[in-house]
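Morning, everyone. Please take a look at the structure I've put up, and then we'll walk through it.

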Amino acid sequence: MEMRRVQIMGVGKYLPRSVVTAEEIDEKLGTRKGWVAKKAGVLTRHFADGETASQMGAAAAREALTKAGLSLSDIDCIVCASGTMEQAIPCTASLIYSELDPTHTGIPAFDINSTCLSFVTAFDHLSYLITAGRYRQILIVSTEIASVGLDWTQKESSALFGDGAAAVVLGPTPQGEKSAILSSRMETYSQGAHLSEIRGGGTKHHPRKYGAELDMSDFLFDMDGEAIFRLSARYLPEFIKRLLSKDAIGTPRLSLNEVDLVIPHQASMMAMRLMQRRLGISKKQMFIFAQNHGNTIASSIPIGIYEAIEQGQIQRGDTVMLLGTSAGLSLGGLVFVY
């Protein structure tokens, strides 16, 4: 696989107005004070309070466009890469497009959904379209409202999540710069297909089928965290070897020590500690920010990119690894030069 010479041109972020503390979640869950902070490690997170997913995504997109020095008319394609959708039809990307400018026309807009890995999947696959010359500058938006679908009887999973949006403008690498995708990989282990799911909302569990006996639990997030943890732990080390192998990138093996920063999906503090320990990632390499964001599903990783840039954790020319899990169960990773 040849390097794909694409570059992140600008990144934007939006967090909802409402800030929710760990103590407030303790009260909602009926747990003793300090339980959420200790168990989940999330001290504060944001919950949408009147904002829609498309409004949040548009706000992040405006900042990304400004950072890239571009206008909406400079964009060739708009993609929403989210694990949740604002409504079944149309795609969230078209709703974001309308929020950005309801009078604008002509930009193709569609969604990519691989749940928590949606941004990584979009970054990976859309890079080929830029390399092939189909599109020049693509706006990728991940916008998630997890809070509306939490099952508060599942205390451990409910304590993890927050809402948020991030956007990235992706384009070709300018002459003389090093930005490129070095490696990417995704693997799905189908035995985990039902370990993390929202069953309702599609054609299988449509509200019309229930009549007066609507089962609300089918429309709430359901996760077997321990089973996901075990399955991920089993496959992750070998997955990383394949991600960095010669067959994956067509060049001599890339060592994990050559990666300047690892931005993991902020699934849970426990999952990230496992990842760090099992893979031998140093504390300096690992970028963790879940304490004041929580798990924001697919927007987690692009929010991490935004925060790492803003905090000076990555500079142009640095090598960055994006790494995460998603419902399915899938593992995904992408190594790029920022």
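How many residue pairs are in polar contact between domain 1 and domain 2? The count is 15 residue pairs, both residues at pLDDT 80 or more. A polar contact is a pair of N or O atoms within 3.5 Å; within protein, one must be able to donate a hydrogen and the other to accept it, and residues adjacent in sequence count only if both atoms are side-chain atoms.

Some ground rules. This is a predicted model: local features need pLDDT of at least 70, side-chain atom pairs count only at pLDDT 80 or more, and totals for chains, interfaces and linings use all residues. Residues are numbered from 1 along each chain as its sequence is written, and side-chain values use heavy atoms, leaving out hydrogens and water.

Now the domains. Domain 1 covers 6-172 and domain 2 covers 180-337; the bounds come from an automatic or database domain assignment. Their centres, taken over C-alpha atoms, are 15 Å apart.

Next, the interface. 49 residues of domain 1 are in contact with 42 residues of domain 2. Contact means heavy atoms within 4.5 Å. The rule finds two salt bridges across this interface. A salt bridge is a side-chain nitrogen of Lys or Arg within 4 Å of a carboxyl oxygen of Asp or Glu. Lys13 and Glu307 form a salt bridge through their side chains, at 2.3 Å from N to O.

The buried area between the domains is about 3,500 Å². That is the accessible area (1.4 Å probe) that two parts lose on being put together, summed over both. Carbon and sulfur atoms give 67% of it. Lys13, Cys116 and Leu117 supply 17% of the area domain 1 buries against domain 2, more than any other three residues.
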